[in-house]
Amino acid sequence: MKRPEPVQVVKQRRDTALRNLVAGVPYIQFMGIQFERRGDELTAVLPYRDQLIGNPMLPALHGGATASFLEISAVIELSWQMLWEDMESPEKRDPDAIARVPRLPKTIDFTVDYLRAGLPRDAYARARVNRSGRRYASVHVEGWQDNRSRLFAQATGHFLMPTRDAD
Amino acid sequence: MSTIDDERKRKIAAQFIAALPYARALGLELVSLAGQVCEMRMPYREDLVGQPETGVIAGGAVSALMDTCCGTAVLIHPEPPSGTATLDLRIDYMRPATPGKDIVARAECYHMAHSVAFVRATAHDGEGDTPVASVAATFTVERRGAR
């Protein structure tokens with residue numbers, strides 16, 4: 001039986017991979033979106049900023065900011081799952097996977113269901129990949145603010161997966 | 001039902017866009033208004049890129065342009081609501097937007113019901129006939145005193 005890797009080595013590999021994935025996309029930086037990781041589970045965080053407002057009377061988050069947040073959550077979740085596989089599966093473990101900025105899936109369509117007004121405070125999102133084939137993937141995303149069970153928006157999208165050079 | 005003239009429409013739309021912080025952050029500009037059709041431009045900017053290796057604008061930014069343009073089309077309808085919010089928006093990305101090109105959205109509020117407005121929109125980058133994206137959306141209709 002092989003000795004398990006030291007926990008710091010594992011954490012550093014995963015955190016570096018996630019950071020490289022997210023840092024490379026200008027629009028994610030423009031929106032100020034961050035990703036929190038627990039094992040392979042990601043939570044997208046959209047820290048509140050005044051520029052995210054769409055309706056200043058209520059005030060409420062802009063529908064386009066919400067759509068962008070959920071779509072980015074979906075794209076990063078899909079990419080992260082591909083990256084995780086390259087990085088963590090013992091038969092494929094690829095040290096270069098961490099350093100390489102992976103090609104992102106392309107959105108084919110994205111449908112946002114606005115359940116209630118987005119409040120002027122931080123928002124969170126988690127994406128679930130319902131189907132991921134070689135070419136297409138289907139992803140569902142849930143967005144919430146104060147209460148995990150009171151979603152303010154949800155979305156479903158289809159994505160074209162990038163061709164993988166290794167195959 | 002009240003109707004409004006074009007000058008008032010333009011004023012409403014200009015105020016609407018100027019009052020939206022996220023529309024300002026994206027640099028959205030009103031292009032034209034006619035009937036229940038609104039055209040809006042998003043100038044190309046590097047900080048809105050979603051595919052770093054190609055320079056293609058992020059889908060989310062195009063969605064935000066489309067959402068703003070659709071909402072404006074609802075508010076300039078001949079029977080305008082006093083307020084509106086997006087209920088549901090589906091966007092289809094037909095092709096990547098050409099890097100360096102501005103994107104112009106054109107939205108039409110094709111049906112105004114008592115409580116719901118129905119809108120469709122396309123986005124072009126001036127290259128060829130195929131739009132970059134198309135949208136089908138529904139919006140809430142708030143009527144003053146209808147509560």
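## Exercises on a predicted two-chain model

A:Val75 counts as buried, with a relative accessibility of 11%. Keep in mind that this is a predicted model.

**Exercise 1.** Work out which strands pair with strand 5 of chain A.

*Solution.* Step one: look within chain A. Strand 5 (residues 106-114) runs antiparallel to strand 8 (residues 151-160) of chain A, and eight bridges join them. Here A:Asp109 stands opposite A:His158. Step two: look across to chain B. Strand 5 of chain A also pairs with strand 5 (residues 86-93) of chain B, in the antiparallel sense and over five bridges. In this pairing, A:Asp113 has B:Asp88 as its bridge partner.

**Exercise 2.** Classify two of the aromatic pairs by their geometry: A:Tyr27 with A:Phe30, and A:Phe110 with A:Phe159.

*Solution.* A pair of aromatic rings is described by the distance of the centres and the angle of the planes. Over all chains, the structure holds six aromatic pairs. Step one: the ring centres of A:Tyr27 and A:Phe30 are 5.8 Å apart and their planes are at 15 degrees, so this pair is stacked. Both residues are buried. They sit three residues apart in helix 2 (residues 26-31) of chain A, so about one helical turn separates them. Step two: A:Phe110 and A:Phe159 are edge-to-face, with 6.4 Å centre to centre and 65 degrees between the planes. This pair links distant parts of the chain, as A:Phe110 is in strand 5 and A:Phe159 in strand 8 of chain A, 49 residues apart. A:Phe110 is buried at 0% relative accessibility, and A:Phe159 is buried with a relative accessible area of 0%. Step three: follow the ring pairs onward, and A:Tyr27, A:Phe30 and B:Tyr22 are linked into a cluster.

**Exercise 3.** Locate the residues with the most contacts inside the largest nonpolar core, and trace the contacts of B:Val62.

*Solution.* Step one: the largest nonpolar core has 92 residues, and those with the most contacts inside it are A:Tyr27, A:Met31, B:Tyr22, B:Met42 and B:Val62. Step three: beyond its neighbours within four places in sequence, B:Val62 is in contact with B:Met42, B:Ile57, B:Ile91, B:Tyr93, B:Ile103, B:Ala123 and B:Ala133.

**Exercise 4.** Decide whether B:Thr86 is buried or exposed, and describe its surroundings.

*Solution.* Step one: the cut-off for buried is under 20% relative accessible area. B:Thr86 has 12%, so B:Thr86 is buried. Step two: B:Thr86 lies in strand 5 of chain B. Step three: its side chain makes a polar contact of 2.7 Å with the side chain of B:Asp67. Step four: neighbours within four places in sequence aside, B:Thr86 is in contact with A:Tyr114, B:Asp67, B:Thr138 and B:Phe139.

Notes:
Residues are numbered from 1 along each chain as its sequence is written. Chains are lettered from A and ligands numbered from 1 in the order in which they are written. This is a predicted model: local features need pLDDT of at least 70, side-chain atom pairs count only at pLDDT 80 or more; totals for chains, interfaces and linings use all residues. Side-chain values use heavy atoms; hydrogens and water are left out. Two strands pair if DSSP finds at least two bridges between them. Helices (H or I, at least four residues) and strands (E, at least two) are DSSP runs, numbered from the N terminus. Rings of Phe, Tyr and Trp (its six-membered ring) pair if their centres lie within 6.5 Å; planes under 30 degrees apart count as stacked, over 60 as edge-to-face and the rest as tilted. Buried means under 20% relative accessible area, exposed over 50%, partly exposed in between (1.4 Å probe, protein chains only). A nonpolar core is a set of buried Ala, Val, Leu, Ile, Met, Phe, Trp, Tyr and Cys residues joined through side-chain atoms within 4.5 Å. Contact means heavy atoms within 4.5 Å. A polar contact is a pair of N or O atoms within 3.5 Å; within protein, one must be able to donate a hydrogen and the other to accept it, and residues adjacent in sequence count only if both atoms are side-chain atoms.
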